[in-house]
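The following exercises are to be worked with the sequence and the 3D structure at hand. Each task is followed by its solution.

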Amino acid sequence: MTDQTPRPARSLGASAPVDPPNLPTRTVVLVGTGLWALALVITLAVPALHQGERSWWPWACVSGLALGAFAGWYVRRGKGNAAGA
């Protein structure tokens, strides 16, 4: 006969509550968008990075720039979830 009683989960110990880092959201968005712009320039400057099977790399950078522009607009708007940013 087998024992079907559930065993308590093993715990590694109690962890302290972790607060999110206090970072300026606008700065994070600007730095991220700037890094995508730098990646686009490098990708276009080095032919091996945008030819053949890597032809999609510049479009990934363009997508990152577009999402960064949207995030910048959303954070600057300062309403809803972006109010605390």
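**Exercise 1.** Which helix is included in what covers the buried residues of α2?

*Solution.* The model is predicted: local features need pLDDT of at least 70, side-chain atom pairs count only at pLDDT 80 or more, and totals for chains, interfaces and linings use all residues. Residues are numbered from 1 along each chain as its sequence is written, and side-chain values use heavy atoms, with hydrogens and water left out. Helices are DSSP runs of H or I, at least four residues, numbered from the N terminus. Buried means under 20% relative accessible area, exposed over 50%, and partly exposed in between (1.4 Å probe, protein chains only). In α2 the buried residues are Pro58, Cys61, Gly64, Gly68, Gly72 and Val75. Their cover includes α1, where contact means heavy atoms within 4.5 Å.

**Exercise 2.** Determine how the exposed residues of α2 are placed relative to its buried side.

*Solution.* Viewed down the axis of α2, the buried residues fall within an arc of 110°, so they line one face of the helix. The arc is taken from the directions from the helix axis to the C-beta atoms. Trp59, Leu67 and Ala69 are exposed on the face turned away from that buried side.

**Exercise 3.** Classify valine 62 and isoleucine 42 by accessibility.

*Solution.* Valine 62 belongs to helix α2 (residues 57–77); its relative accessibility is 34%, so valine 62 counts as partly exposed. Isoleucine 42 lies in helix α1 (residues 25–45) and is partly exposed because its relative accessible area is 42%.

Methods
Helices (H or I, at least four residues) and strands (E, at least two) are DSSP runs, numbered from the N terminus.
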